[in-house]
Amino acid sequence: MTSGPGVGIVVVSHSRALARAALALASEMLHGRRVRIEIAAGLDETTFGTDAVQVKHAIEKVDGPDGVVVLMDLGSAVLSAELALDLLEDPAIRERVILSSAPIVEGLVVAAVAASGGASRSEVATEARNALLGKAAHLSVPDQDAAEVASTPVGDEVVGVFAVANRHGLHARPAARLVGEVSGLDAAVTLTNLTTGTGPVPAASLSRVATLGAQEGHRVEVRASGPQAQEAVEHVLALAARSFDETTETPVLPELAPTAGPVAASPGIAIGPVRRLDVAPV
Amino acid sequence: MSDDVTTAAFGAWVRRFAELVAQERDHLTELDSAIGDADHGTNLDRGMKAAVAALDEQQPSSAGPLLTKVGMTLVSTVGGASGPLYGTLFLRMGSTLGDVPVTTPEQVATAFRAGLEGVVARGKAQADDKTMYDALAPALDALEAALSDGLGLGDALTRARASAEAGRDATIPMLARKGRASYLGERSVGHQDPGATSVTLLIAAAADALG
């Protein structure tokens, strides 16, 4: 039975408890957005194993016109998922299922965020596949082979800068909030960590935003082009002013003075169309 | 033809395989503890018991649906890789044989060959990866050779069993390249593969019940 738009996600794991816990972690990132996610895990509540028939039912449950991305843990989870594809009676469903090689925990988090933002199934699968970039970047040299940001500004660019107020920096939850804020807007948005020089990365990609390494106090430039460039930058700055809705933190306003007119965000000369950005009243 | 195989014989094969798996369950698990996650015997025993229970509840009256029913039961009850692998083996045999009351020895061999191809498509194993393939492939080669040499099905399956046993024993010095054992690398050498062991029981059961 097919459902509405948006990519569906299936989690195949030997352990039902593990799959449920991964789902709970990922759900924290969705901030109320709905994503169709089903688990097909364990033979029962406690017995480890996978069942291709369970996987087939899960695929059918989350299927829709945008298709399905399947995440699997190891070994027989993959065999069961592949067998599930063979068991699907409707070849049209089979055509729109992608089996992802992503790790199950990190992959589910980024896949859920991407799907909630309206990404296509191939975009969701790409995000999931790149899910380890953030961790890798934090631990060592950032991945040199990461996909280049292909961005040619369309029309005028809008630029803003914010300082990260969150005590733990722009970690997974606020990053997911930021990604959610810009996805769905008709704008190409990038982020650059001005303090470390990392970036630009596409603001719509959680796996790439995770590589910015933006810690508390770091200054991050948000740059947008496209029909909704203005809204995109305004939304991001407003969100940053609220510490990305991290409720455990006391929001710290960025340094822009609300009524003093344009303030240089960085030393030096900027050339380009000027947009005045006011801090929205809270 | 006295060599034709009835549906009842296929049912007897499944039950005989379940019996052998139950007998060898601890041995299979022991082999799997050395080079796996120690659940092959438990998983396959659970699956085969469920398959027999499904047949006891309602045994299809032709070979294809019977083997398909066994395959689907295994898929949902084994839990480990043997579920999709043995499941696919039986499902392919079932769809190859179709809804017929008796099968010729040649049809049985063709069905086995389709089953092996299904296992390879599913698990992507090759010769010497140290898997069930290393016992099943030689067994089917021997079965086909024996039948084309004019032997009856019983004798052909006896030869197939001998080849399966030889293939199973040959896995001992192999380095595992598939499955959990492959994570062990060199430590997998010197241990008999559990999958090759259980599939040898499948061929042995066939020699007992189909010949």
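**Reading the model**

A: Helix 8 (residues 172–182) of chain A has 8 of its 11 residues buried, so this helix is largely enclosed by the rest of the structure. A residue is buried if 20 or more other C-beta atoms, placed from the backbone, lie within 10 Å of its own. Helices (H or I, at least four residues) and strands (E, at least two) are DSSP runs, numbered from the N terminus. This is a predicted model, in which local features need pLDDT of at least 70, side-chain atom pairs count only at pLDDT 80 or more, and totals for chains, interfaces and linings use all residues. Residues are numbered from 1 along each chain as its sequence is written, and chains are lettered from A and ligands numbered from 1 in the order in which they are written.

Q: What covers the buried residues of helix 8 of chain A?

A: Contact means that the C-beta atoms of two residues, placed from the backbone, lie within 7 Å. The cover includes helix 5, strand 6, helix 9 (206–209) and helix 10 of chain A. Among the buried residues are Pro174(A), Leu178(A) and Glu181(A). After helix 8 of chain A comes Gly184(A), with a positive phi near 95°.

Q: Which order do the strands of the open sheet take?

A: Two strands pair if DSSP finds at least two bridges between them. In chain A, the 4 strands follow the order 5-8-6-7, with antiparallel pairing. Strand 5 (157–163) and strand 7 (201–202) of chain A are at the edges with a single partner strand each, so one side of each has no neighbour in the sheet. Strand 6 (residues 188–193) and strand 7 of chain A are antiparallel and joined by 2 bridges; Thr190(A) is opposite Pro202(A) in strand 7 of chain A. Helix 10 (residues 229–241) of chain A packs on the sheet and touches strand 5, strand 6 and strand 8 (219–225) of chain A. The direction of helix 10 makes about 5° with that of strand 5 of chain A. Such angles run from 0 to 180 degrees between N-to-C directions, with axes fitted to C-alpha atoms, for helices over the stretch in contact.

Q: How many residues of domain 1 of chain A are in contact with domain 2 of chain A?

A: Domain bounds come from an automatic or database domain assignment, which gives domain 1 (8–131) and domain 2 (157–245) in chain A. In chain A, 14 residues of domain 1 are in contact with 12 residues of domain 2. Helix 5 (residues 104–116) of chain A gives the most to the domain 1 side, with 5 residues.

Terms used
A residue is buried if 20 or more other C-beta atoms lie within 10 Å of its own, exposed if 12 or fewer, and partly exposed in between; C-beta atoms are placed from the backbone.
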